[in-house]
Amino acid sequence: MPNRLAHETSPYLLQHADNPVDWWPWSPEAFEEARRRGVPVLLSVGYSSCHWCHVMAHESFEDIVTAAYVNEHFVSVKVDREERPDVDAVYMEAVQAATGQGGWPMTVFLTPDAQPFYFGTYFPPSPRHGMASFRQVLEGVHAAWTDRRGEVDEVAGKIVQDLADRSLAYDSPEMPGENDLTQALLGLTREYDTKSAGFGGAPKFPPSMALEFLLRNYARTGSEGALEMAVGTCEAMARGGMYDQLGGGFARYSVDREWVVPHFEKMLYDNALLCRVYAHLWRTTGSDLARRVALETADFIATELRTNEGGFASALDADSDDGTGKHVEGAYYVWTPSQLREVLGDEAGDQAARIYGVTEEGTFEEGASVLQLPGAEADPEVRARLLAARAARPAPGRDDKVVAAWNGLAIAALAEVGAYFERPDLIERATEAADLLVRVHMDAGARLARTSKDGQVGANSGVLEDYADVAEGFVALASVTGEGVWLEFAGFLLDLVIDQFVGENGTLYDTAHDAEKLIRRPQDPTDNATPSGWTAAAGALLSYAAHTGSEVHRTTAERALGVVKALGPRAPRFIGWGLAVAEAALDGPREVAVVGPQGDARTRELHRAALLSTAPGAVVAVGEPGSDEFPLLADRPLIDGGGAAYVCRNFVCAAPVDNVADLGRKLSEA
């Protein structure tokens, strides 16, 4: 019989709807039930494309004996971390503080007042590698709850107090200056892997936000070191196994230092961020590799992740059927030499094995290899034949829920890539997703819902990153399309950021003032897999202020950047987006107004040149003279009846220009 998850919209929760564990969704009723029964709460947090979440589900939550024990002694609550990032953040902070590490699945035992007292991540069905089995953990927690209740309550109270004491405050919310950004660049240089590129050791994650900082720093200062780190890392990721050499798009991370073997899940947010990074790298260097990867990744998002409603799905699974009915990680993506020969013939198969780094021993598991492209570009025909053969394999599952924040990131990426490479279809896909967010996710008061699925809005409120990333996407779409309505929508969202998320001294919270009260109000300025809501909001506020001249939006952005001054020089890898926004603030950012008659070729060229400028965070408005679509277009006459471009910084404007060369010079002036 299905449990209480059968009517949820989250694909992850629905995966557990037929478990013998009597799951509840996160709700006041679940904690009320624990109070009534006098038992602790077992909180299990994961997401649909998480490999070890599936493993623990098969081993423990689908086991009738284990489930019977859980149902007798606990109230079990299942949370999709992608739907409730606030719940995830609060308890993950506790797990990391207690154990020094975290991850998913996350397993936390709580009192009926939602206070945590025992933590872990994945627990195996029987003891191994020094880890207790899940059953041993359950029995130990039940014994402590029954026999040492006072001790449990004391531990829980202390943990909650410790979390409360970790609140983030800084004395003077001062914007980072030139010296702070130089120190951050030095810090990244020290952590750069000169052998394999990227930062730190294994596992290696795509450092999208730090790469945006490096590209902006190079644009503003001419630092060759910054550009070399960006180029080296982008090249290593694109030629390694983390990039899908056949179908485009990136996997979540590399398990090794050399970018050979990925964790195979493909997330919308990684692909949106990296698509934009490679487009910006091409804009900076003209690299053919960057152009190819930006376009292939955009096409992957626009085809593989697009939902029927025009939004973008959250993820593709790491696991898929290996052809024998068994779900195996990476089965869809890996190859053996004999499989290559089978598709291409002996000679071409052996050549493909050399080009793609497929060996007899294998670079992954059981003699299979992940495709890489360490040297020459692959033959397009060979690639097409392998892609067609792969399409016959059972495909990985897709998490179809639409997350507002990640769709905002995808809108920005597709709009820009569409404009740079003259692909109007990509701009259309971005516009359709933006339209879905307005129609389905945004209510009459411009409040955002976090998720939707199949066109039905989810029950969870948007968090700061939703407002910030959607506003970022809308501002980018406005710049590309010349449709001022998207800037207007961004303004509605950013007014809510100022009204609902700003705390004392310019700090920002991840949840709204009127959101559900948890044991602690989450507040994290550091980047994780995506830009932190805090610094993403600073970036969107800064762009909106540049477009409109709004003093309150500019001031809020500058005060929010105080945290970058505090953390940037010390931990640059973890506040990359904040550093990128600080680069934009130091550069102005520049405001570009392009005016011209509709259909005018000169206006089109000037608009494209403005979008292709590497000036950090530059904002672009385009329209006819006298248009009220954008504030930046007011009182901008034409030049000799044709298109004209105006470049301003901090609302001081240079003389207008009517050709691309002069515009380029104005945009690159120090």
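In this predicted model, a disulfide links cysteine 648 and cysteine 653, with an S to S distance of 2.0 Å. The torsion about the S-S bond of this pair is about 95°, so the disulfide is right-handed.

The structure contains 2 disulfides. The other bond is formed by cysteine 50 and cysteine 53, whose sulfur atoms are 2.2 Å apart. Its torsion of about 85° about the S-S bond makes this disulfide right-handed. Cysteine 50 and cysteine 53 are both buried. When the bonded cysteines are numbered in sequence order, the pairing reads 1-2, 3-4.

Cysteine 234 and cysteine 275 present another case. The cysteine sulfur closest to that of cysteine 234 belongs to cysteine 275, and at 12 Å it is too far for a bond. For cysteine 275 the closest cysteine sulfur is in turn that of cysteine 234, at 12 Å. Cysteine 234 is buried, at a relative accessible area of 2%, and cysteine 275 is buried as well, at 0% relative accessibility.

**Strands and a crossing helix**

An open sheet is formed by 4 strands in the order E17-E16-E18-E19, with mixed pairing. Strand E17 (619–623) and strand E19 (652–653) are the edge strands, each pairing on one side only. Strand E16 (residues 590–595) runs parallel to E17, and 5 bridges join the two. Within this pairing, alanine 593 stands opposite alanine 621 of E17. Helix H20 (residues 533–548) lies across E16 and E17, and runs at about 40° to E17.

Glutamate 583 is part of helix H23 (residues 576–587). With a relative accessibility of 0%, glutamate 583 counts as buried. Apart from neighbours within four places in sequence, glutamate 583 is in contact with Leu181, Phe213, Arg216, Asn217, Arg220 and Pro616. Among these contacts are the arginines Arg216 and Arg220.

**Aromatic rings**

A pair of aromatic rings is described by the distance of the centres and the angle of the planes. The structure holds 26 aromatic pairs, and two of them are set out below.

| Pair | Centre to centre | Angle between planes | Arrangement |
|---|---|---|---|
| Tyrosine 420, phenylalanine 421 | 6.3 Å | 80° | edge-to-face |
| Phenylalanine 474, phenylalanine 489 | 6.3 Å | 55° | tilted |

Tyrosine 420 and phenylalanine 421 are both buried. The rings of phenylalanine 474 and phenylalanine 489 have their planes at 55°, so the pair is tilted. This pair links distant parts of the chain, since phenylalanine 474 lies in helix H18 (residues 464–481) and phenylalanine 489 in helix H19 (residues 485–500), 15 residues apart. Phenylalanine 474 is buried, as is phenylalanine 489. Elsewhere, ring pairs connect Trp23, Phe61, Phe123 and Phe134 into a cluster.

Arginine side chains also lie over aromatic rings. Arginine 81 is placed over the face of tyrosine 47, at 5.5 Å from the ring centre. Arginine 149 lies over the face of tryptophan 145, at 3.6 Å from the ring centre.

Conventions:
Residues are numbered from 1 along each chain as its sequence is written. This is a predicted model: local features need pLDDT of at least 70, side-chain atom pairs count only at pLDDT 80 or more; totals for chains, interfaces and linings use all residues. Side-chain values use heavy atoms; hydrogens and water are left out. Rings of Phe, Tyr and Trp (its six-membered ring) pair if their centres lie within 6.5 Å; planes under 30 degrees apart count as stacked, over 60 as edge-to-face and the rest as tilted. Buried means under 20% relative accessible area, exposed over 50%, partly exposed in between (1.4 Å probe, protein chains only). A charge sits over a ring if NZ of Lys or CZ of Arg is within 6 Å of the ring centre and within 35 degrees of the ring normal. Contact means heavy atoms within 4.5 Å. Two strands pair if DSSP finds at least two bridges between them. Axes are lines fitted to C-alpha atoms, for helices over the stretch in contact, and angles run from 0 to 180 degrees between N-to-C directions. A disulfide is a pair of cysteine sulfur atoms within 2.5 Å.
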